[in-house]
Structures are given as C-alpha cells and as structure tokens.
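Hello,

Here is the structure I promised to pass on. Please open it first; my notes follow below.

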Amino acid sequence: MIKVVFVGTGGGAPSRRGLPAFLVKRDDFSALLDCGEGTQITMVNHSLNVMNVKLIAITHLHADHVLGLPSLIQTMGMYDRREKLTVMGPKGLKDFLETVFERTYFRPNFPIEFVESYEQGNVKVTPFPTCHVVPSQGYLVQEADSFNLDADRLRSEGVTDWRVMRALKEGREVRLGERTLKPEDFLIPKRGVKLAYTGDTRPCEKVVRAVSGVDLLLHDSTFEKGIDAGEYGHSTSVEAAEVALEAKVKRLALVHVSSRYPDPSELLKQARRVFPMTVLPDDLSFLSLQA
Ligand SMILES: [Zn+2]
Ligand SMILES: [Zn+2]
C-alpha cells in the first residue's frame, strides 16, 4: 500500500493552498515530490516527519516548486541528520543548491546524492519528460509486483505452520511428510501500485505514454476551461481529465490549482464531465492506494 499526502496543492502563488509538495510513503520509503516554499513549515505544523524523507524529487526549477528545498535541507542539518539524502531533478538543481548553501554559509553534515532514478526496497522512482516552458520532468512511483498466499488452498491442504507459509511466500519448495509443496501452487500474483506526478505541464503525448494505466495521476490543473493555459505551459482541469482518459489511468487528482480560484469546485465539475474518477484534494488530505 502506498500513501500520498497532498502537502501543497496550489501553484504559482500561495493561497489557502500551499505550493506544490506531495509526500509519498510506503513502509520506510518516504519521498517528497517537489518542495515549494513553506513545505517544511506545513510538514512540521502537521506532524509530518521531515527527517524521515529519503528522497526529494523536483520536477523543475520554477520557484514555486523548489524554493522550499534549501531550507528543508538546512533544517535536516540542524537536527543533526546523518543519513544520506537522495535528490533527483532536472539539470541545474545541484548548482542551485550548492550556490544557496555557499551564500548562506551552510555545509550539510550528511551526504546528499544526486541520482537519475531511485530504488528502495519494493519502490522505484523514475522520471519522465513533460511539456512545460522550462526543462521539466514528472515522476513515476512504482511498487514492485508481489504475491499473496492463497489462504483457501493452504487451508484445504492443511498447511498451518507459519514457517512453511513463509518458505512458500519466499518462493521455496517445502517437503511436508510425503508431499512436496510447490510455491507456484500457493501464490496469487499481486500487482504493485503505480502513481505519477506531472509537475507543471501542457497536456502532451509524452505524458500520456509515461502515465499509461497508473492507479493515480497527479496532473497539472492550473486553470478552468476557457483560459489559454498553454500560454503559460500549464493545463486546464479539462485537459488534465482528457490526459487521464487517454492514458486509461484509474484515478485523477487535480493539483497546482491557481490562487485565482478560492473555490475550485467548477474546475472539478468540468473535469468530472470528461473523467468521472477525478478528485481535487485539499492540502493535507491523503489517499491510500492499493492495487
Ligand atoms: Zn508551478
Ligand atoms: Zn513551472
């Protein structure tokens, strides 16, 4: 199961909605997708553990997506973090961070590693290209496929020993008296959860291809229908819904909502006419995803 906390669902300028930041958690995997200004303040004020974050993945270097990052890292340093922090992002991110650190007289006391893709336990995070006005990338978060034990079959075969069950789940054959139990007879395949976050983007074919079939798509939905979102490299909620429909995703979350909409219910209504499985999450709401 993967949990997504919508830390900041606004875009551009802050409003009642904070700037983009999404916390994705599974067991001890904890990643932050984008880190707009104010992200750490929201997290600290709502008991979301900033120290546990292992990966920070930035979509692009516009201020509303990245300005919270240097200060979040400095806080980690202040609390004496020792564990490595992994960072992903477009070209220029490393240089941006190093410049801020140098100018603010900060030297991290823990390692920061810049990578192009990331894997921890059963979760993989990979970037995909998006279509914004500056270099930008979205992220696909994938849980590995796994197996569940077939409880009915175990019961009918009289298998109750947990050590036998564990061995079968780990894919090992087990001798039980005269019988040999084969794992393939007792395992039911379980598909891993997939989610994608676009960051800022126009609706585009590259995104449709990359997010095809995901369980949850977080898509740029800056404006309502009728606004020329393309001029700014963004999408309307209807365009986000059209991407969701074309990519055959299971569920769509509209994010990066412009501060010009104190009540964004119209954006949601318009999107749902195209793609009914759409939500417009508030800050600090969350979704638990199970395939
Ligand atoms: Zn933005
Ligand atoms: Zn942008």
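Bear in mind that this is a predicted model.

The sheet first. Seven strands make up an open sheet, ordered β7-β6-β5-β4-β3-β1-β20, with mixed pairing. On average, neighbouring strands are turned by 20 degrees against each other, direction ignored.

Now look at β5 (residues 55–57) and β6 (residues 85–88). They run parallel and are joined by 3 bridges. Isoleucine 56 sits opposite valine 87 of β6.

Two helices lie across this region. Helix α4 (residues 93–103) lies across β6 and β7, at about 155 degrees to β7.

Then the metal site. The zinc ion (ligand 2) is coordinated by His60 (NE2), His62 (ND1), His132 (NE2) and Asp200 (OD), at 2.2 to 2.3 Å. The angles among its 4 donor atoms run from 89 to 164 degrees, and the site is irregular. Tetrahedral would need all angles between 85 and 135 degrees. In sequence, the donor spacing reads H-x1-H-x69-H-x67-D.

Aspartate 200 also bridges to the zinc ion (ligand 1); the two zinc ions lie 3.6 Å apart. Histidine 62 is in the loop between β5 and α2 (63–66), and histidine 132 in the loop between β9 (123–129) and β10 (137–143), so this pair ties together parts 70 residues apart in sequence.

Are these two histidines buried or exposed? Histidine 62 is partly exposed, at 28% relative accessibility. Histidine 132 is buried, at 13%.

Best wishes

Notes:
Residues are numbered from 1 along each chain as its sequence is written. Chains are lettered from A and ligands numbered from 1 in the order in which they are written. This is a predicted model: local features need pLDDT of at least 70, side-chain atom pairs count only at pLDDT 80 or more; totals for chains, interfaces and linings use all residues. Side-chain values use heavy atoms; hydrogens and water are left out. Two strands pair if DSSP finds at least two bridges between them. Helices (H or I, at least four residues) and strands (E, at least two) are DSSP runs, numbered from the N terminus. Axes are lines fitted to C-alpha atoms, for helices over the stretch in contact, and angles run from 0 to 180 degrees between N-to-C directions. Contact means heavy atoms within 4.5 Å. Donors are N, O and S atoms within 2.8 Å of the metal (3.2 Å for Na, K and Ca); water is not among the atoms, so sites may look incomplete. Four donors count as tetrahedral if all angles lie between 85 and 135 degrees; four count as square planar and six as octahedral if opposite donors are over 155 degrees apart and all others between 65 and 115; anything else is irregular. Buried means under 20% relative accessible area, exposed over 50%, partly exposed in between (1.4 Å probe, protein chains only).
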